[in-house]
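Subject: Structure handover

Hi,

Here is the structure I promised you. Please open it next to this email and follow along.

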Amino acid sequence: MANDDDRNTPRKPQSSYLPAPIKSMGEMLLREKVVSIEQLKNAAAEAAKTGKHLGGALNALGYVDAAHLVDFLSRQYQVPSIDLSAVDISEEVVRLVPRDVCEKHQLLPIALHGTSLVVAIVDPGNYHAIDDLKFLTGLNIEIVVAAEADISKTRTRYYGAQEQISLLDDMNEQIEYLEEEHDTDTAELARSSEEAPVVRLVNLILVDAIRRGASDIHIESYEKMFRVRYRIDGVLHEMMRPPLKLRNAIVSRVKIMSQLDIAERRLPQDGRIKLKLGDGKECDFRVSVLPTLFGEKVVMRLLDKGNLQTDMTKLGFDQDELDKFKHAIHQPFGMVLVTGPTGSGKTTTLYSALTELNKITENLSTAEDPVEFNLEGINQVQMNDAIGLNFASVLRSFLRQDPDILMVGEIRDFETAEIAVKAALTGHMVLSTLHTNDAPSTINRLLNMGVEPFMVTASLNLIAAQRLVRRLCAECKEPHVYDKQQCLDAGLTEEEYDGAKFMKGRGCRTCGESGFKGRVACYEIMPMSDGLRDAVLQGYSAGELKRVAIQDGMQTLRRSALKKMALGLTSLEELLRVTRGD
C-alpha cells in the first residue's frame, strides 16, 4: 500500500510528451511568492464554488493577471504560450476532440502536425487530461499554455456550430416561415426543399440569432472559407463555419425565404423574412444580398419588436437631458433632429418619442425606409424609390393629410430638408434623423444642403446626437481600478475620478465571455438657444458652434459616456472605442 508521502507526490507523466513537473500550479505560485497562502485558499474556494479552474479563480479574484499567469506557467513548465486570437483552427482538428472533453479539462485542440496534436491548455500540469487525449485520439500530444478566458471564448467560436446543430434535434420550438400569397413559384420551391438539412441549418441560424440577442447576421463567402457572424451589442462575433460546399445552398435558401430571385447572382437584392416561433412570437428579418468575388454575401437585420425599448426613461438619458428632449418634442411646432451613425439607436429614440406623443387627439404620420416596427395608432408609410415614392413626395402628401406630428426617416437631400423645415414653420412638429458625427455639425449639414440660415434657426427646436456603448454584464462585473492619468486624459476630473465606482466585466457564460451584455445610449443634447441662433446667423463653423453650445450647458457625447463609466455601467476601453475626445 502506498504511504502518505507517495500520495502527496505529483503524478509522473507516463510518456515524454510533457516536461517533468516541478510541483502543482498552486504550490509553484506559493513557492515563487506570486500569491499568499490566504489568497490560494480563497481561490480554491472560489474554484470549488464556480467550477472554474484554479488559475481562472485567481484571475477572477484579482490576485494574478491572466497574462502574467500564462507567462509564469510557460516558464515553469517550459512550454510555449499562445495568443489564440491569431490562430485559425481547421474543422478536421475540431472534430478530433469533443466539446465536453475540452470543457472538462479546460483545453482546446488547435493544430495537427503529422501524428502530433497541438493542444492549448490552462494547466500544463494536468496529466490526466493529456493521457485522456492521447487515448482518445491515438496521437502524440504537444501542449501550449493559454489563458482560461481565451480558451473558453475560442472554444465557443469553433464548437458553437456543432453544438447548435446537435441541439436542433432536441429543439421543441418549431419555426414557421410566413410566406406571402403571391409568387407561387418561389413558394413551391420552398416547400419542395423543406426536408433538406440546409433548411434546418438556416432555421437554426435565425432562431439562434434571436436567442442570443443579435442585431444582424452576416453570411460571408471567401475563397477557402464560408462563415456566419452575429453582431451582438454592436460587435461582430464569428459563430460558425459551415462546409464550403453548402455555400450556394444556404444563400439560395435565404433568398427563397426572402422572396428574391435565386437565379440572379450578379446584382444586389433586398428582401424581408417573417418568422413565427413556436411560442407565437413573430420576428422580421430585413435581408440584403450582395454579389462578392467568391459568392454572395447575405446580411440580415433582426427586427424584433419584443426588444424595442420605447420607455424614454430607460434609454440612457440623464434626467436633465430627458427634460430638455421632452420639452422640445412637446412644442406645438418645430423640428427635432436625432443624429448619429448607422446602428447608433436613432430609430429607437424616435420611436420612443412617437410613443410619448401618440395620443388620440394627435394625427401622427411617418415616412420610413424601411418601416422597422409597426406602431399602433401611427400612420406609417414605406418608401419605394422604384415607383417614385420617396421622402420628399410622401412629406408633401402628409401636409394634405391634416397632420399634427410628422416623422421623416432621414433627411438626405435639399428637397426633403426644405419641405421638412417649411412643415416645422407652419404649425407641425417634425422629427427626423441625419448622419452626422455630433449635434453642432448637423447645422452645417443642413446649411450645406442649401437650407437658408434664417430657416434653420427659426425651425429647429433641438438636436440630439447619440452613440451606443456596451453595458457591463450584470452577472460578472466587479470593481476595477483604472489608471488615474488615463482617466484624466479621457476627460474625467480629479473629483469625478475620486468618487467613481469603476467596474469591469470578468466574462462569463451569460455574456459569452465578453464581459458585456446589452447596450446603453450616450446623448449629446443641444437645444437651440438664442446664443446658438445668433452664431448660426453669423456663419460660425461647427467647432465654434460646439464651443457656444458647451457654454450654454451642452454635455458632449464623451462626457455622457464618462458619466456612465463612473457609475459602473461601461468600461474605459468601451467609451474610448465609441466616442472621440473633445
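Predicted model: local features only at pLDDT ≥ 70, side-chain atom pairs only at ≥ 80, totals over all residues.

Setting aside neighbours within four places in sequence, Leu-84 is in contact with Leu-108, Ile-110, Ala-120, Ala-146, Asp-150, Ile-151 and Thr-154. Leu-84 also belongs to the largest nonpolar core, which has 46 residues. Leu-84, Ile-89, Val-97, Leu-107 and Ile-110 have the most contacts inside that core. A second core is separate and has 40 residues. Phe-398, Val-421, Ala-465 and Leu-545 are among them.

Next, the sheet.

Find the open sheet of seven strands. Its order is S13-S12-S14-S15-S11-S16-S19, and the pairing is mixed. The edges are S13 and S19 (516-527), and each of these pairs on one side only. On average, neighbouring strands are turned by 20° against each other, direction ignored.

Look at S12 (residues 364-368). Is this strand buried or exposed? Five of its five residues are buried, so S12 is largely enclosed by the rest of the structure. In a regular strand, side chains alternate between the two faces of the sheet. Here Leu-364, Thr-366 and Glu-368 point one way, while Ser-365 and Ala-367 point the other way.

S12 has a parallel partner in S14 (residues 405-408), joined by four bridges. Thr-366 has Met-407 as its bridge partner there. S12 also runs parallel to S13 (residues 379-382), again with four bridges.

Val-336 stands opposite Leu-462 in S16.

Now the helices.

H13 (residues 319-329) lies across S11, S15 (429-434), S16 and S19. H13 runs at about 140° to S16. H14 (residues 346-357) lies across S11, S12, S13, S14, S15, S16 and S19. H14 runs at about 170° to S15.

Eight of its eleven residues are buried, so H17 is largely enclosed by the rest of the structure. The buried ones include Ala-439, Ile-443 and Met-449. Just after H17, Gly-450 takes a positive phi of about 115°.

Last, the charged pairs.

Side chains of opposite charge can pair when their charged atoms come close. How many salt bridges does a search of the whole structure find? The search finds 28.

- Glu-296 and Lys-255 meet at 3.0 Å, N to O. Glu-296 lies in strand S10 (residues 295-303) and Lys-255 in helix H12 (residues 247-257), so the pair ties together parts that are 41 residues apart in sequence. Glu-296 counts as buried at 7% relative accessibility. Lys-255 counts as buried at 0%.
- Arg-266 and Glu-264 meet at 3.5 Å, N to O. Arg-266 is exposed, at 70% relative accessibility. Glu-264 is buried, at 15%.
- Arg-559 and Glu-496 meet at 2.4 Å, N to O. This pair links distant parts of the chain, 63 residues apart: Arg-559 is in helix H23 (residues 557-566) and Glu-496 in helix H20 (residues 494-499). Arg-559 is partly exposed, with a relative accessible area of 23%. Glu-496 is partly exposed too, at 25% relative accessibility.

Salt bridges also link Asp-88, Glu-220, Arg-227, Arg-229, Glu-238, Arg-241 and Lys-297 in a network.

Best wishes

Key:
Residues numbered from 1 in each chain as written. Heavy atoms only, no water. Core = buried A, V, L, I, M, F, W, Y, C linked by side-chain atoms within 4.5 Å. Buried < 20%, exposed > 50% of the residue type's maximum accessible area, 1.4 Å probe, protein only. Contact = heavy atoms within 4.5 Å. Helix = DSSP H or I, 4+ residues; strand = E, 2+ residues; numbered from the N terminus. Pairing = 2+ DSSP bridges. Axes fitted to C-alpha atoms, helices over the stretch in contact; angles between N-to-C directions. Salt bridge = Lys/Arg side-chain N within 4 Å of Asp/Glu carboxyl O.
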